[in-house]
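Here is a short briefing to keep beside your viewer. Please have a look at the model first, and then we can walk through the overall fold and the ligand shells together.

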Amino acid sequence: MKIALIGYGKMGKAIEAIATAKGHEIIHRIDVNSPHLLEKEHLQQADVAIEFTTPETAYDNILKCFEANVPVVCGTTGWLDKLPDIKARCLEKHQAFLYASNFSIGVNIFFEINKRLAELMASQTQYDVRMEEIHHTQKKDAPSGTAITLAEQILERQYKKTRWVNKERCKPEELSIVSKRIDPAPGTHIVTYASDIDDITITHTAHSREGFAAGAVVAAAWLNGKKGIFTMKDVLNL
Ligand SMILES: NC(=O)c1ccc[n+]([C@@H]2O[C@H](COP(=O)([O-])OP(=O)(O)OC[C@H]3O[C@@H](n4cnc5c(N)ncnc54)[C@H](O)[C@@H]3O)[C@@H](O)[C@H]2O)c1
Ligand SMILES: O=C(O)C1=N[C@H](C(=O)O)CCC1
């Protein structure tokens, strides 16, 4: 599979290592210094594009992939206000798009556990739910995309909570997400249900970026040749 890497930072480099080891070919490494490689004539040489850049650049990069008729796997977080628009344009232009706030298999299983736990706790009103996420200090967005996914899963099932907030002290109807930035944390997510009697805590701790990168490569191989909008649930059959 010929891959165009859009974003050649920490994730781009981790993806390159895994994709190359699996026998895939990286035909473009695109970053802020090589914007010309985002032109159609270059992008269309790839079977699939993998986009890990910045909250400010993901939207335009994805549209360029659609213009070049290249399936795109995107892991950039912090731009989700534009996701409905990207999905509409993907369908309108008959393209292929797969977004995940977190590509690791472990986190995608954690998402399923989080949903089930939220369902079980919905009627246990003696517990109050809160969240914490810990990442490295270079991270641009807060809360993390993964934390937002977890929070939305809880909000869909916990009738006591009406919205998430990115602070510790909040109203009873708000779901607190505390963001900590500590090097070199690749990504830790903690969901706690606390009561006077006991606490239930679920935690996912990434030990490196390998899981995110490996998941993105699996997703890219899966998306190659398909049309439509997909998630990691489709890839992993969860
Ligand atoms: N979904 C996941 O599993 C997952 C995992 C880790 C990180 N992320 C997200 O991926 C994104 C990138 O993370 P990172 O740690 O690699 O960041 P990074 O800062 O190390 O790298 C970002 C790269 O994007 C490049 N870039 C900036 N503007 C660009 C543009 N217009 N076109 C092409 N490239 C451009 C930069 O040159 C840099 O190489 C972040 O949003 C992060 O939150 C997602
Ligand atoms: O390093 C990052 O940045 C990460 N971003 C994703 C998020 O925002 O959830 C996934 C974990 C690592």
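By class, how many nonpolar, polar and charged residues does the shell around ligand 2 have? That shell has no nonpolar, 8 polar and 1 charged residues. Before going further, please note that this is a predicted model, in which local features need pLDDT of at least 70 and side-chain atom pairs count only at pLDDT 80 or more, while totals for chains, interfaces and linings use all residues. Residues are numbered from 1 along each chain as its sequence is written, with chains lettered from A and ligands numbered from 1 in the order in which they are written.

**Ligand 2**
- The shell consists of Thr77, Ser101, Asn102, His135, Lys139, Ser144, Gly145, Thr146 and Gly187; a residue counts as near a molecule if its C-beta atom, placed from the backbone, lies within 6 Å of it.
- For the classes, Ala, Val, Leu, Ile, Met, Phe, Trp, Tyr, Cys and Pro are nonpolar, Asp, Glu, Lys and Arg are charged, and the others, Gly among them, are polar.
- Domain 1 (2-103 + 210-236) and domain 2 (105-205) each supply at least three residues of this shell, with bounds that come from an automatic or database domain assignment.

**Ligand 1**
- Around ligand 1 there are 25 residues, and the closest are Gly9, Met11, Asp31, Thr57 and Gly75.
- These shell residues divide into 9 nonpolar, 13 polar and 3 charged.
- Helix 1 (residues 10-21) gives the largest share, 3 residues.

**Overall fold**
- The protein has 8 helices and 11 strands, which are DSSP runs numbered from the N terminus (helices: H or I, at least four residues; strands: E, at least two).
- The C-alpha trace spans about 60 × 40 × 30 Å along its principal axes.

**Lys40 and the UniProt record**
- An unreviewed UniProt entry places a "binding site" at Lys40; such annotations may be inferred rather than shown by experiment.
- Lys40 sits in helix 2 (residues 40-43) and is partly exposed, because 13 other C-beta atoms lie within 10 Å.
- Beyond its neighbours within four places in sequence, Lys40 is in contact with Glu67 and Ala68, where contact means C-beta atoms, placed from the backbone, within 7 Å.

Key: A residue is buried if 20 or more other C-beta atoms lie within 10 Å of its own, exposed if 12 or fewer, and partly exposed in between; C-beta atoms are placed from the backbone. Two residues are in contact if their C-beta atoms, placed from the backbone, lie within 7 Å.
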